Amino acid sequence: MRFRQRLAPRRPLSVWLARAAGALPVAVHLAVIGALSCAGCDRSPTPPPGGAVTTGASPLTPAPGASQPPVGDPVLAAAELARGCERFTAGDLPAARVAFTAATTADPACAAAFAWLGRSLVVSSQGMSFSRAIESLERARALDPGLVEAHLDLALARFGLVEYEAARRHFTAYLAAAGADAAPARRAAAHQHLAILARLDGDHATARAELDHAAALAPGDPDLPYERGLTEEEAGDTAAALTAYATALDLERNHLPSHFRRARLLRSLGRSGEAQQAERIHRALQSLFDDSTGRDLKDPRQRAEAWGEIAALDPLNRKARFEQGRALLELDRAAEAALVLDALVRDHPDYVDAHVFGIDLALRRRDRADAVRRVQALRVALPAATREQLPAEMRPLWDSP
Amino acid sequence: MRRRPSRIAALLAAVTSGCGGEPSPPPRPPADVGPAGFVDATAASGVDFRHVNGASGEMYFVETNGSGCGVFDYDNDGDLDLCLVQGGALPGQREPGPFTSRLYRNDGGLRFTDVTAAAGCGATVYGTGVLCGDHDGDGWRDLFFYGLGQAQLFRNRGDGTFADVTAAAGLKDGRYAGTALWADFDRDGDLDLFVGNYVKWSVALHRTCALPPAEKSYCHPDVFEPEADILWRNDGDGTFTDVTAQAGLVRRDGKALGSVASDVDDDGDLDLFVANDSTPNFLWRNDGAPGELRFTDISDAAAIAYDRDGRTQGCMGCDFADIDGDLDFDLVVTNLAMEANALYVNQGGARFDDQAAPRGVARSSRIDFGWGVRFLDFDHDGDDDLLTINGHLHAGVRTYDASQEWAQAPKLLVNDGHGRFAAAGPEGGPLLQQKAVGRGLAVGDLDGDGDQDLLISTNADVARVVERRGPIAGHFLRLTLRGRGKNHDAIGARVDVTAAGRTTRQEVRGAASFASWQELTLHFGLAAAARAEEVLVRWPEGMRERFGPLAAGRNHVLLQGSGRPAE
């Protein structure tokens with residue numbers, strides 16, 4: 001989650017301090033959306049699942065007497081909420097925040113609007129927004145103590161502000177309240193953070209156990225084996241750490257932190273050649289995906305060079321070759337882009353994105369025959385492919401004889 | 001004006017004291033007089049410096065970084081004088097100038113007098129920081145101010161006045177400097193000059209940026225191109241030659257705001273660490289033979305270019321110390337709020353690992369916006385604690401982040417003896433509750449009472465003179481090194497002090513922290529030991545000598561060549 005957040009759309013480079021949010025110890029992936037309703041601004045509080053969030057001194061305990069703000073405009077609020085959710089899902093966090101804020105203004109009793117606003121601040125790639133997130137999430141909780149999902153967002157915000165004890169209580173309570181129906185990625189995030197907290201306490205056994213829980217829930221998340229690697233390093237097990245980083249890289253070949261840690265360990269083992277290769281890949285990735293500054297918006301020449309270097313160092317890295325081709329195309333070097341692309345399709349005939357890119361390239365060249373030929377190649381390579389996998393403007397080609 | 005001792009008198013004083021130590025410091029005030037720990041003593045100090053950053057609401061990029069400060073003995077009277085670096089005017093600013101950096105003479109008893117005008121060292125460069133080393137080896141410490149525009153080198157004439165010798169020294173370079181240091185990299189006996197440049201910026205290159213809901217904000221450094229660093233070789237005759245390329249310092253992708261020289265690989269010469277803002281840090285390994293300047297970039301191999309997760313950070317201040325007692329130098333780097341400061345633990349062979357999280361530094365610093373930083377043994381228990389000076393860039397930060405304030409309190413982290421840190425309690429003193437827009441930090445015994453006081457510089461705020469008050473349980477040992485050559489302050493020397501069977505290591509290092517110059521006398525905490533059994537000095541050119549035993553509780557002047565030769 002940490003790394004993939006950086007792939008989310010970014011604000012322009014001119015935004016000072018944008019990097020701060022990218023430095024979350026563990027950030028929240030946009031996919032970790034969970035079951036928070038976007039349906040509207042129902043004023044009936046959500047019943048607490050399983051009755052878990054009801055009593056005692058838990059931070060999930062509802063505020064005494066849920067507040068009753070003045071009646072607003074629930075219809076307008078619902079519309080703004082829906083718009084915000086749509087923007088959020090599309091990765092346009094600033095627009096999402098504007099819409100969520102409008103929803104809270106339109107109906108100050110809309111718990112979901114506050115919860116979504118808080119969430120959009122937690123996952124923000126802009127500014128240091130945890131404190132604002134907490135404000136909004138606490139308001140959501142006061143309005144609807146049954147909003148279990150808001151509690152995880154609150155935990156993440158507390159974690160971001162190094163309020164570790166409060167975060168730990170919220171993560172634990174969330175897992176107890178959320179139950180098996182909650183989104184696996186959300187539960188995995190809670191376990192992952194509990195693992196980090198355990199590691200900070202030097203409790204490597206608990207950290208491992210929490211990461212095992214998380215990996216079972218989100219087996220495709222490379223950040224989980226990465227955290228495992230950090231845990232094993234701290235526990236002094238270099239071999240296990242290397243294995244963990246390799247697992248992370250199997251899941252995500254461009255997982256920047258895993259390249260970095262792996263390079264360090266290889267150096268310490270005297271495996272200089274492998275270390276150098278990992279360092280070079282890390283450096284190239286770092287130039288593309290600086291955690292804070294939105295360098296993924298760099299000019300295409302830099303991207304073509306960096307992805308090209310990664311592709312040369314790691315020929316099996318199909319994303320690197322794909323991105324190199326895209327950058328070359330942006331540079332109006334279509335012929336070179338086509339060469340990269342054709343080789344990529346040849347080596348990875350099951351890579352749908354490469355086929356689609358090839359079709360796009362042909363269309364840009366106004367070479368309809370080539371585009372049709374590429375569609376046919378896709379059909380041959382991937383018999384299970386459907387026209388819906390193509391962008392809408394390409395679908396007519398699918399139907400061509 | 002006070003009568004100043006001549007250089008000969010100063011040296012005689014040093015010889016007289018020899019290894020036997022200077023007289024014991026004056027008795028400390030009773031413990032029950034006022035608060036203990038770090039206490040702001042500015043009001044009675046005579047220091048009235050207020051930093052001017054030129055802000056007018058335009059949010060010029062340069063406004064945020066200044067300025068640093070320095071503690072040094074400019075008049076060779078044995079106490080530490082103060083230098084405070086000024087910013088300056090910018091278009092649209094209403095406050096009348098001119099604005100100059102200031103020199104304050106130490107009159108004793110933590111009282112200072114502004115002698116800038118008489119001394120003739122009022123630098124006008126829009127300053128980032130200052131170096132206070134003796135560049136020409138005449139025994140009088142000089143001043144080098146750097147920042148936006150042409151740097152200025154003031155030669156100390158030895159009569160209480162300075163002469164601007166920038167042009168004669170050949171130091172023509174008007175780029176935006178974020179850091180600098182003196183170090184004898186080629187071990188030829190004089191001090192070379194490294195200047196780390198920040199970004200290509202001028203008023204003409206100003207850009208307007210925004211961070212909603214703030215309508216205007218300072219631009220991110222990524223908006224501006226990096227500016228290459230420069231290494232000046234001291235030619236020994238008061239002039240300098242740009243040897244950057246031939247020395248191999250060829251990277252142009254850094255935005256330098258911090259630098260510190262240290263022998264990180266224990267091979268007898270000084271390596272160079274450069275802290276870069278939002279770009280990878282540099283570690284240049286010194287591979288030159290004596291008389292030669294040659295560096296190799298080992299930033300990646302040393303794993304010091306990035307944080308623990310392989311990311312760049314907004315690096316600013318930095319300092320080396322042996323935090324875990326394994327006799328190599330570890331590194332702290334201050335960073336932006338929400339990034340946490342980095343703690344690179346030396347794992348031998350110039351390989352580092354950022355262990356800020358497991359060693360408690362990350363948690364304690366994550367909310368802070370860190371600048372000045374020093375390792376110091378606050379409690380004299382024999383290990384180095386960590387002091388950081390904090391302050392946000394943006395006066396209006398609270399409009400978009402309730403967790404931040406422009407003015408922030410310093411933070412003292414106490415070392416548990418194994419290199420793990422936790423925030424100090426009330427014993428740290430009231431300073432730790434006192435918010436300021438902190439930038440520079442210089443550490444030294446300003447009042448000569450045997451503990452370490454502070455000079456804190458700020459941005460658009462007043463400077464602070466801070467006294468260390470109250471009893472300290474552990475004993476201390478202070479060592480002033482006197483080299484034989486032009487590097488008479490022995491910058492770059494390494495000292496191992498063994499007391500009660502335990503050895504601790506320090507280096508003489510003027511430039512550290514952020515944009516600030518430190519006292520050159522080394523200050524060791526000895527815990528319960530009443531003496532150091534042995535002091536082993538490795539002088540900058542490589543010669544090793546043993547001294548001791550030396551009594552605790554005083555300053556000892558160690559003259560090169562007066563000890564027992566060591567292998």
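This is a predicted model: local features need pLDDT of at least 70, side-chain atom pairs count only at pLDDT 80 or more; totals for chains, interfaces and linings use all residues.
## Basis of the description

Residues are numbered from 1 along each chain as its sequence is written, and chains are lettered from A and ligands numbered from 1 in the order in which they are written.

## Chain A

Chain A has 19 helices and 0 strands. Helices (H or I, at least four residues) and strands (E, at least two) are DSSP runs, numbered from the N terminus. Of its 401 residues, 57% count as buried; buried means under 20% relative accessible area, exposed over 50%, and partly exposed in between (1.4 Å probe, protein chains only).

Among contacts in chain A with a separation of 6 or more, 60% come from residues 24 or more positions apart. A contact means heavy atoms within 4.5 Å. The chain exposes about 15700 Å², and carbon and sulfur atoms supply 55% of that area. Accessible areas come from the Shrake-Rupley method with a 1.4 Å probe; for residues, only the protein chains shown count as cover.

## Nonpolar cores

A nonpolar core is a set of buried Ala, Val, Leu, Ile, Met, Phe, Trp, Tyr and Cys residues joined through side-chain atoms within 4.5 Å. The largest one has 149 residues, and those with the most contacts inside it include F171(A), F185(B), L479(B) and V535(B). Helix α4 of chain A (residues 111-122) gives the largest share of this core, 9 residues. A second, separate core has 19 residues, among them A275(B), C318(B), F329(B) and Y344(B).

Leaving aside neighbours within four places in sequence, F185(B) is in contact with residues including F194(B), L231(B), L270(B), L293(B) and F295(B).

## A sheet of four strands

In chain B, 4 strands form an open sheet with antiparallel pairing, in the order β20-β21-β22-β23. Two strands pair if DSSP finds at least two bridges between them. β20 (318-321) and β23 (352-354) of chain B each have a single partner strand, so one side of each is left without a neighbour in the sheet. Neighbouring strands are turned by 20 degrees against each other on average, direction ignored. Axes are lines fitted to C-alpha atoms, for helices over the stretch in contact, and angles run from 0 to 180 degrees between N-to-C directions.

Strand β22 of chain B (residues 342-346) pairs with β23(B) over 3 bridges in the antiparallel sense. Here V345(B) has D353(B) as its bridge partner.

## A sheet of three strands

Another open sheet of chain B has 3 strands in the order β36-β31-β41, with mixed pairing. β36 (522-527) and β41 (555-559) of chain B stand at the edges with a single partner strand each, so one side of each lacks a neighbour in the sheet.

Strand β31 of chain B (residues 475-482) and β41(B) are parallel and share 5 bridges. L479(B) has H556(B) in β41(B) as its bridge partner; L479(B) is also listed among the residues with the most contacts inside the largest core.

## Strand β39 and its partners

Strand β39 of chain B (residues 544-547) has a covered face with E545(B) and F547(B), and an uncovered face with R544(B) and R546(B). β39(B) pairs with strand β38 (residues 534-538) of chain B in the antiparallel sense over 4 bridges, where V537(B) stands opposite E545(B). In the hairpin of β38(B) and β39(B), 5 residues lie between the strands, and G542(B) takes a positive phi near 115 degrees.

β39(B) is also joined by 3 bridges to strand β42 (residues 564-566) of chain B, and the two run antiparallel. In that pairing, E545(B) stands opposite P565(B).

Technical notes: Side-chain values use heavy atoms; hydrogens and water are left out.
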